[in-house]
Amino acid sequence: MKTWIVTHICLVISALIGYCLGQNVTTEEISNITQVLDRLLTGYDKKLRPGFGGPPLVVDVWMSVRSMGPISDVAMMYSMDCYFRQTWVDSRLSFTGNMEKLQLNVAMLKEIWKPDTYVLNGKGSYLHVITGPNILLRIDKHGRILYSMRLTIKATCPMHLEKFPMDLQSCPLQVGSYGYTQEDIHYQWKNGPADSIEMADGMTLSQFDLMGHPARNGTFLLQDAQYSTLIVHFELQRHMGYFVIQVYLPCSLLVVLSWVAFWINREATADRIALGITTVLTMAFLGIDNRTNLPKVSYSTAIDWYLATCFAFVLATIIQFAGVHYFTKHGSGELHLMLLDDEEEEERKQEARNCHPVSYYNKYSDRDGDPASREKLNGDTNTGIEYEASEWMMNDNCCMKFFNCLRGSAKYRDMKSRTSKRGVNSVSKIDRIARVLFPGSFLFFNICYWTVYLRIL
């Protein structure tokens, strides 16, 4: 009883102050306000909704969004600061007199019925209470109640990140009654779906552009009961600038840097391998760092495909040098002056007989019996052995060359080294081809990549 009396006194005082500030009043008018407030709550039952037992109560809603953010891709949620306003008619609170409306203290909310509106996809929303509860309550003479609150709403935003960072996200906001079905409460946008969401002038987001906020009425089914809801989708277009500067440009430059190896002398094995390993490790670091800012989704995003392709290009430069090293780099590049001893020479001739018996006996049967010919073959210039290697390589077919490559035949490489015209390493044809093939392939990939994803948007 004492609590009710204190509350009633506060309501009277607040109503009088609000009314007196707006206009000059007499003692008689103040007395009338007191009587109105006394009469409003007499016999009022706040446990029953207005029009109980009749048609559903219509609750009009509109919002004014002051700011948005942050928007988290990892938590898949967003935050917004807004004024959330509701209005409905409670005929039990209508009054007569010269006053058109009463602006009441927040304590009045504890004495009247109000809709149990909540955010269906909310996640930690709260009411601002500094320096007091940010709530506005007005009642006009016809019993229409205006109930406005300043809220920070945190809501879930299911994101589809297949096109990240060129994605367009639609973050929903759903409000409705927690306990009343649509047979008791019907929610609707006060000014229509198109004009009931107001955005603050000059509002900007750090990572997104707000492209639109389409709204609509809806219902949802819960335990065989239909509930009236209001839905608004905030359409957000992600900014590309950060990712171009932090990911796309560094990855592209690393790929270009790896091509420097094609112009480095192939004898500089340590330099080319060091450059390749450095670029591979840097690409791996960029890929790992990029994934830490994204949820652990089971699919690949657009930026993942770009990183993976750049990593493949960088790794391909190391594989390319492995081919250069094996197929075209002979020893250290110095002139071959070492002669084969008799045992090695006999073994090589035996291998030549097994691979090409007819050709070998036709060309070398007479020479082997002639001491002068043998001396010529084993002379200081090693001309005979180089001639033999040249004939052996010329008669060898592609399949045999590939087989010798797979099994890593040292004799095959030595034979191949003796066919070099100048006796030292020359510019590799593989490097010449790679200087054109790698940049051309990377340019073609970029054209396809940006064409596909930008058109998808």
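Start by selecting W62, which lies in strand β1 (residues 57-72); strands (E, at least two residues) and helices (H or I, at least four) are DSSP runs, numbered from the N terminus. The model is predicted: local features need pLDDT of at least 70 and side-chain atom pairs count only at pLDDT 80 or more, while totals for chains, interfaces and linings use all residues. Residues are numbered from 1 along each chain as its sequence is written, and side-chain values use heavy atoms, with hydrogens and water left out.

W62 has a relative accessibility of 12% and therefore counts as buried. Buried means under 20% relative accessible area, exposed over 50%, and partly exposed in between, with a 1.4 Å probe and protein chains only. Show the surroundings of W62: leaving aside neighbours within four places in sequence, W62 is in contact with Y83, F84, R85, Q86, T87, L146, K190 and S196. Contact means heavy atoms within 4.5 Å.

Zoom out for the whole chain. The protein has 12 helices and 13 strands. Of its 457 residues, 41% count as buried. Among contacts with a separation of 6 or more, 77% are between residues 24 or more positions apart.

Next, select V65, Y78, M80, L173 and F234, the residues with the most contacts inside the largest nonpolar core, which has 82 residues. Such a core is a set of buried Ala, Val, Leu, Ile, Met, Phe, Trp, Tyr and Cys residues joined through side-chain atoms within 4.5 Å. Outside four places in sequence, V65 touches M80, D81, C82, I197, E198, M199, A200, M203 and F234.

Move to the helices. Two packed helices are described by the angle between their axes and the distance between the axes. Axes are lines fitted to C-alpha atoms, for helices over the stretch in contact, and angles run from 0 to 180 degrees between N-to-C directions.

Select α3 (residues 241-258) and α5: their axes are 8 Å apart, at an angle of about 20 degrees. The two helices are therefore roughly parallel to each other; angles under 35 degrees count as roughly parallel, over 145 as roughly antiparallel, 65 to 115 as roughly perpendicular and the rest as oblique. The α3-α5 contact residues divide into 13 nonpolar, 3 polar and no charged. Here Ala, Val, Leu, Ile, Met, Phe, Trp, Tyr, Cys and Pro count as nonpolar, Asp, Glu, Lys and Arg as charged, and the others, Gly among them, as polar. On the α3 side, the residues include F243, V247 and S258, and those in α5 include A302, I303 and T317.

Centre on T317 in helix α5. T317 is buried, at 4% relative accessibility, and touches S258, W259, F262 and F438, not counting residues up to four places away in sequence.

Now show α4 (residues 269-291) with α5 (residues 302-327); their axes come within 10 Å and cross at roughly 165 degrees. That makes α4 roughly antiparallel to α5. The contact of α4 with α5 comprises 14 nonpolar, 7 polar and 3 charged residues.

Finish in the loops. I130 and T131 are joined by a cis peptide bond, with omega about 0 degrees; T131 lies between β5 (126-127) and β6 (135-140). Another cis peptide bond joins F164 and P165, with omega about 5 degrees. In the loop between β12 (215-222) and β13 (225-238), select Q223, a non-glycine residue with positive phi near 55 degrees.
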